[in-house]
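Hi everyone, thanks for coming along.

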Number of protein chains: 2
Amino acid sequence: MYTREQLTDLVNRAVSSLSFPEEAVKLFEPVIYVLGAGGKRLRPVIALMACNLFSDRIDDAVKPVAGLEIFHNFTLVHDDIMDQANVRRNSPTVHKKWSPNQAILSGDVMAFMANECLLEAPAPIAADVFRTFNKAAVEVCIGQQLDMDFERSLVISGEDYLRMIELKTAVLLGASCRIGAILGGADKKNADLLYEFGRNLGIAFQIQDDLLDLYGDEKLFGKAHGGDIVSNKKTFLYVKALELASGTQSRRLQELFSGVESDPAGKVKAVKELFDQMGIRQLTLEAANHYISSSFSFLDRVGVRKDRMEELIRFAESLIGREH
Amino acid sequence: MYTREQLTDLVNRAVSSLSFPEEAVKLFEPVIYVLGAGGKRLRPVIALMACNLFSDRIDDAVKPVAGLEIFHNFTLVHDDIMDQANVRRNSPTVHKKWSPNQAILSGDVMAFMANECLLEAPAPIAADVFRTFNKAAVEVCIGQQLDMDFERSLVISGEDYLRMIELKTAVLLGASCRIGAILGGADKKNADLLYEFGRNLGIAFQIQDDLLDLYGDEKLFGKAHGGDIVSNKKTFLYVKALELASGTQSRRLQELFSGVESDPAGKVKAVKELFDQMGIRQLTLEAANHYISSSFSFLDRVGVRKDRMEELIRFAESLIGREH
């Protein structure tokens, strides 16, 4: 079995050996910049782990799953324009370093480069691989739309929020697992189970991400507590709190989440107090655990010897912060 | 054989019967708006004509070639943001009617909707269809990059300009013809000949378009003479003139093409006089005719009875203004 490190290395090599047309150097400079900026390569690595469950030969899967990384980075480049984000992975975003126009066009070409990689799946399974990918790609766009709509909504239900993160984040993780499984020779039943494993894991991952922003260990996660609160981000914690809040609490919460606060630490403290009154930390943990249990119960049903699953389980646990 | 009108009708029906997810209505409103705004459906129609050369059954080709129309409209939505164009087909552009962010995201989802249609090509030829499409899609991005680069360049050669329009416009027409041929059951040789037919036709079409803006019959083409000159657009006429100009003529031309002119009619007249001194009209006509001849010589070599080619020839002639 391949380790996470070996697979990350294989993906990094595939990404850095991509060839670019020599015309229009300016088009590909941002592509090289973004793909070279690192990142954890989660999607292709989990895909290769899913592949490795079913097959010891994963070489032919590396190029197709590199397409998942390119697609993911395409969404980051365009999302960063839409969100007016200035920094990504400690470097200026493409639209800041070049221009919004350049970020649109270089993003576009990445979408077609992703297609190109995915098309390298072996002929008999190429259609299944590509359909799985493309369905997720459409859903990721829908997820980003819901996210933009939410920014302008006053009230979002927990259900709406979960659907948004499912589409924006989780379906691509599900598709990555399914694509890897198909590339490893899995039958439809096992491929579908791995999709559900990845989708549920993705939802849990996103809920945990919201939780750790406020309650995580600062040293481990490298972020100051409450960054989401300071930037008025509507997280699972916030929407859950709004669902449970009394009239007074609800008004206070909405008041705190509107406009820019001159005292960020005070704002975080005030919101945290409200959250604590409502038991939001515990509720969020329970929600994450619900999706983690679902995720692993789908994995349990995959028809593969348990010892083959060790790397994938370890990887999944690291994603949801369980290794600490 | 199907007529142009019948094929346009088939394409329009395929486009208007596309189904959209019910979530995220805002994402698809601009898609419906753009695809419903008409247009000549050139790419899918020429694809179906190429298909019809080889097969009397074209039904299975309609949905895949509708993907070419969706892709083309995706490029228009994003190009209009980059070019800051306010109007397209007599209606506000998507980024004007909604917002740049909405135009980015709704454009993105169109790219994946195009994939989805093209994926409906029958299994044995799907990979060939999709590769032909995706290669063109990457090239169209490169063409748009060259176009943006040219906007900021002082001097562009005729050769550079031809390469730009080849990538930005002609390769998609070539790919459309090739995809149609494959869907009709053509062998590789005939499919490649149809690609070259479409590519050369596309270059001729774009050169003619530049020519007609200044020298066309205003009643027939519905545009005022010289709109490209008024907006300082670097057309084939302009780059060819710069190639041939003396030092004085060159300076005058560059002077006229910089900044906004308070007297548009006077500017058009002055540029036209310079063009006339250099015989630009005739040179441009010769260049267009060169590509038209190439185009038809590739078509001549396609192994299909001449009477089956009549509709396609008529269509091609209409594109390059020969029917007038």
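I'll start with the chain on its own, then turn to the pair, and finish with a few local spots.

One thing to keep in mind as we look: this is a predicted model.

So, chain A first. Its secondary structure comes to 16 helices and two strands. The radius of gyration is 20 Å, close to the 20 Å the globule rule gives for 324 residues, so chain A is as compact as a globular protein of that length. Along the principal axes, its C-alpha atoms fill a box of roughly 60 × 50 × 35 Å. Buried residues account for 49% of chain A. And if you take the contacts in chain A with a separation of 6 or more, 75% of them join residues 24 or more positions apart.

Now, how do the two chains relate? A rotation of 180° with 0.0 Å of shift along its axis puts chain B onto chain A, with an RMSD of 0.0 Å. The two copies are therefore related as by a two-fold rotation axis. The same surface serves both of them, too: 100% of the contact residues of chain B recur in chain A.

Let's look at that contact. On the chain B side there are 33 residues, and they touch 34 residues of chain A. Helices α2, α4, α6 and α7 of chain B each supply at least two of the chain B residues, and α7(B) gives the largest share, with 15 residues. By type, this side of chain B divides into 21 nonpolar, six polar and six charged residues.

What about the inside? The largest nonpolar core has 210 residues, and those with the most contacts inside it are Leu48, Ala50 and Ala181, in chain A and in chain B. Beyond its sequence neighbours within four places, B:Ala181 is in contact with several residues, including B:Ala50, B:Phe54 and B:Leu194.

Helix α3 of chain B, residues 42-54, is worth a glance as well. Its 13 residues should span 18 Å at 1.5 Å a residue, and the end C-alpha atoms are 19 Å apart, which agrees. In α3(B), 13 of 13 residues are buried.

Last stop: A:Gly174, in helix α8 of chain A. Is A:Gly174 buried or exposed? Buried, because 29 other C-beta atoms lie within 10 Å, and the cut-off for buried is 20 or more. A:Glu196 is 22 residues away from A:Gly174 in sequence, yet their C-alpha atoms are 6.1 Å apart. Among the other contacts of A:Gly174 outside its sequence neighbourhood are A:Tyr195, A:Gly198 and A:Arg199.

Terms used: Residues numbered from 1 in each chain as written. Chains lettered and ligands numbered in written order. Predicted model: local features only at pLDDT ≥ 70, side-chain atom pairs only at ≥ 80, totals over all residues. Contact = placed C-beta atoms within 7 Å. Helix = DSSP H or I, 4+ residues; strand = E, 2+ residues; numbered from the N terminus. Nonpolar A, V, L, I, M, F, W, Y, C, P; charged D, E, K, R; others polar. Core = buried A, V, L, I, M, F, W, Y, C linked by C-beta atoms within 7 Å. Buried ≥ 20, exposed ≤ 12 C-beta atoms within 10 Å, placed from the backbone. Least-squares fit on C-alpha atoms with pLDDT ≥ 70 in both. Expected span 1.5 Å × (residues − 1). Rg over C-alpha atoms; globule rule 2.2 N^0.38 Å.
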